Amino acid sequence: MKAAVYPGSFDPVTYGHIDIIKRSAEIFDELIVSVLDNKNKTPLFSVDERVKMLCEVTKDMPNVKVDSFSGLLTDYCRDLGIHVAIRGLRAITDFEYELQIAQTNKILSHGEFDTVFLTTSLQYSYLSSSAVKEIAMFGGDLSGSVPDLVRDRLLEKYRNH
Ligand code: ADP
């Protein structure tokens with residue numbers, strides 16, 4: 001069985017991420033979407049909140065599981081017996097950053113680990129979690145960017161901020 005991990009911050013999950021999840025789930029038998037608990041970042045949503053939103057938006061995708069991890073992606077994947085990560089590419093700026101991470105993971109895993117890149121669907125190429133947070137903060141229209149349940153959590157957060 002071919003499995004892959006799609007790691008990321010997902011703070012919060014957007015239609016851009018969901019598109020990558022759907023497409024990867026068609027390529028692999030099993031996909032684990034895993035929220036990185038990065039102690040160097042101050043996210044808007046806790047890991048639990050991000051996992052919960054991902055579970056809700058993937059509930060109709062039978063071969064997709066949601067998890068979280070901290071530490072090195074290569075260690076996490078080795079423990080799961082998985083050696084492929086999925087990442088999405090929107091623009092050349094993503095490529096430079098992603099290439100460096102992919103090469104680092106290759107070296108850390110002694111050549112065992114591969115990164116598969118899916119290019120963004122054009123309608124989501126502008127979309128990022130940071131842009132979504134900014135739109136939410138100023139009360140802009142989020143309908144083309146995130147599912148309603150994510151929009152509601154965003155509005156709740158900024159109402160209480
Ligand atoms: P990071 O993991 O770098 O903190 P994110 O959680 O936002 O960032 O994204 C996880 C992965 O999804 C990254 O590979 C990112 O490039 C990709 N991604 C984010 N938004 C989109 C999008 N709109 N289209 C395609 N890929 C995307």
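**Pockets and ligand shell**

The largest pocket has a volume of about 1,100 Å³. The structure is a predicted model, in which local features need pLDDT of at least 70, side-chain atom pairs count only at pLDDT 80 or more, and totals for chains, interfaces and linings use all residues. Residues are numbered from 1 along each chain as its sequence is written, and side-chain values use heavy atoms, with hydrogens and water left out. A pocket is an open set of points on a 1 Å grid over the protein atoms alone, where a 1.4 Å probe fits and protein lies on both sides within 12 Å along at least five of seven lines; lining residues have an atom within 4 Å of a point. Grid points are joined across faces, edges and corners, and a volume is the space filled by probe spheres set on the points.

The lining of the largest pocket comprises 43 residues, of which G8, S9, K41, R87 and Y97 are closest to the centre. Two or more lining residues come from each of β1, α1, β4, α4 and α5 (129-137). Helices (H or I, at least four residues) and strands (E, at least two) are DSSP runs, numbered from the N terminus. Helix α4 gives the most, nine residues. By class, the lining holds 18 nonpolar, 17 polar and eight charged residues. Ala, Val, Leu, Ile, Met, Phe, Trp, Tyr, Cys and Pro count as nonpolar, Asp, Glu, Lys and Arg as charged, and the others, Gly among them, as polar.

The ligand takes the space of the largest pocket; the criterion is that more than half of its atoms lie within 2 Å of the grid points. Around the ligand are 18 residues, and Y6, S9, F10, G88 and Y124 come nearest. Here a residue is near if one of its heavy atoms lies within 4 Å. The shell divides into six nonpolar, seven polar and five charged residues. At least two shell residues each come from β1 (3-8), α1 (15-27), β4 (84-89) and α4 (92-108).

The loop between β1 and α1 contains F10 and P12. F10 is not a glycine, yet has a positive phi of about 45°. The peptide bond from D11 to P12 is cis, with omega near 0°.

The second largest pocket holds about 180 Å³ of space. Its lining residues include T74, D75, R78, H83, L108 and F113. Helix α3 (residues 73-80) supplies the largest share, four residues. This lining divides into four nonpolar, five polar and three charged residues.
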